[in-house]
Amino acid sequence: MLFGSSGIRGIINKEITNNLAILIGKSIGSLYKKVIIGVDTRTSNQMIYNAVKSGLLSVGADVYFAMITTTPTLAYATRNFKCGVMITASHNTAEYNGIKLFNKDGSGFSEEQNYEIEKLILTKNFKLAEWKSIGKFFNYHNAVEEHKNAILKFYRGSEKKLNVVVDCGNGASCNITPYLLKELNCKVISLNCNEDGNFPARDPEPIKENLKLLCKAVKTFNADLGIAHDGDADRIAIVDDEGEFVSNDKLLALLCKFYGKGKVVVPIDTSMIIDCFVKKVIRTKVGDIFISQELKNSNAEFGGEPSGTFIFPYFNYCPDGVFSAMKVIEIAKENKISELIKGIPEYPIFRGKLNCADKKKKETIEKLKRKLSKLNYKNISDIDGIRVEFKDAWILVRASGTEPKLRYTAEAKDEKTAKELFEFIEKEIKKTLK
Ligand code: MG
């Protein structure tokens with residue numbers, strides 16, 4: 001399987017080569033004849049972009065190049081095209097690259113659509129164009145400006161001045177988030193806001209250990225808020241006005257509280273904190289494409305993942321870290337983020353992973369499910385792996401979509417129960433893997 005839930009991703013010149021990129025270009029171009037491409041700031045982007053472009057042109061597809069864009073910018077621009085191609089490895093480190101495909105409505109390709117492309121890559125069943133029908137190439141200069149201006153139209157906050165530190169991590173958001181915030185009347189202090197695909201300042205993943213400098217800067221400059229993105233800004237993380245990193249589960253809960261309107265869509269590994277703020281929580285398989293699919297089905301106004309990807313479907317079916325930054329600013333203009341965060345309960349949650357070969361994942365999970373059923377556990381859901389629901393606690397075991405691993409989680413309202421459940425399920429997985 002080439003495509004995971006987040007497209008194709010791997011180490012450059014090992015898993016992701018220019019030969020593969022040409023095949024991907026030819027496959028996409030066989031199905032879609034007007035394609036827009038964007039890249040993040042990675043050093044390998046020109047190599048991959050030119051190969052994808054060459055493949056597309058060779059089968060007669062027209063190519064529009066949006067240059068460096070965030071993933072949500074590219075997804076938003078796709079509304080004027082047949083297909084969007086984003087060259088990025090998202091939050092992975094500099095040696096990785098990847099390709100993610102988008103529909104006109106900004107949603108990522110579904111499993112079925114990815115499978116169709118994959119089949120073409122493997123069978124090489126594409127027809128090269130006659131010389132007269134080779135695709136045409138255009139630069140597309142407006143993607144960033146259009147995305148930014150569209151976000152501004154959705155702003156419902158006040159004109160109050162805020163001091164905000166922005167850490168773009170040298171990724172694609174350098175060309176949009178700081179400028180957007182200025183237009184929202186923020187005094188912007190920029191950190192790592194020069195494009196650099198070596199990611200010299202920090203790893204692209206906006207997790208607590210990578211954002212120590214941002215926390216320090218918020219304190220030093222006495223700022224109201226810190227905002228960080230991953231390499232392609234489909235993710236956002238924030239630091240409150242006291243310089244404290246806001247955990248992903250709490251940020252998700254905060255956004256659910258303000259924007260959930262009673263119904264939200266989240267993946268099955270999401271903390272039960274959000275159940276305190278929203279009447280109806282719909283849980284899906286893990287992966288933003290499943291969230292956006294369910295948002296379409298359920299008409300919910302907000303969806304998101306604890307990884308920091310948030311979807312506001314009335315704007316973009318792609319997780320949009322830039323739009324999310326604007327929505328956080330709306331909240332921060334009227335409230336101290338630290339006070340809001342203190343009002344969100346904290347439940348102990350333990351997350352672990354164990355090695356398991358891809359071909360063994362399904363079988364292991366099936367065996368575990370049979371075992372747990374025999375133990376008389378009643379509330380077992382199999383939306384993605386196995387989730388067992390208890391009163392005020394739950395456990396989950398699922399196959400990772402990107403690594404040869406099983407992931408498992410246990411959460412409870414008290415530390416002792418969470419730990420016991422975590423140790424129990426870890427032991428059961430290890431026994432089943434033997
Ligand atoms: Mg990303």
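Two strands count as paired if DSSP finds at least two bridges between them, and strands (E, at least two residues) and helices (H or I, at least four) are DSSP runs numbered from the N terminus. The model is predicted, with local features needing pLDDT of at least 70 and side-chain atom pairs counted only at pLDDT 80 or more, while totals for chains, interfaces and linings use all residues. Residues are numbered from 1 along each chain as its sequence is written, and side-chain values use heavy atoms, with hydrogens and water left out.

Select L396 first, and you will find T409 of strand 19 standing opposite.

Next, select helix 13 (residues 415–433). Its buried residues (under 20% relative accessible area, with exposed meaning over 50% and partly exposed in between, for a 1.4 Å probe and protein chains only) include L421, F422 and I425. Viewed down the helix axis, the buried residues fall within an arc of 135 degrees (taken from the directions from the axis to the C-beta atoms), so they line one face of helix 13. The face turned away from that buried side carries exposed K416 and K427.

Finally, select the magnesium ion, whose protein donors (N, O and S atoms within 2.8 Å of the metal, or 3.2 Å for Na, K and Ca; water is not among the atoms, so sites may look incomplete) are S90 (OG), D230 (OD), D232 (OD) and D234 (OD).

Note on methods:
The expected span of a helix is 1.5 Å times one less than its number of residues.
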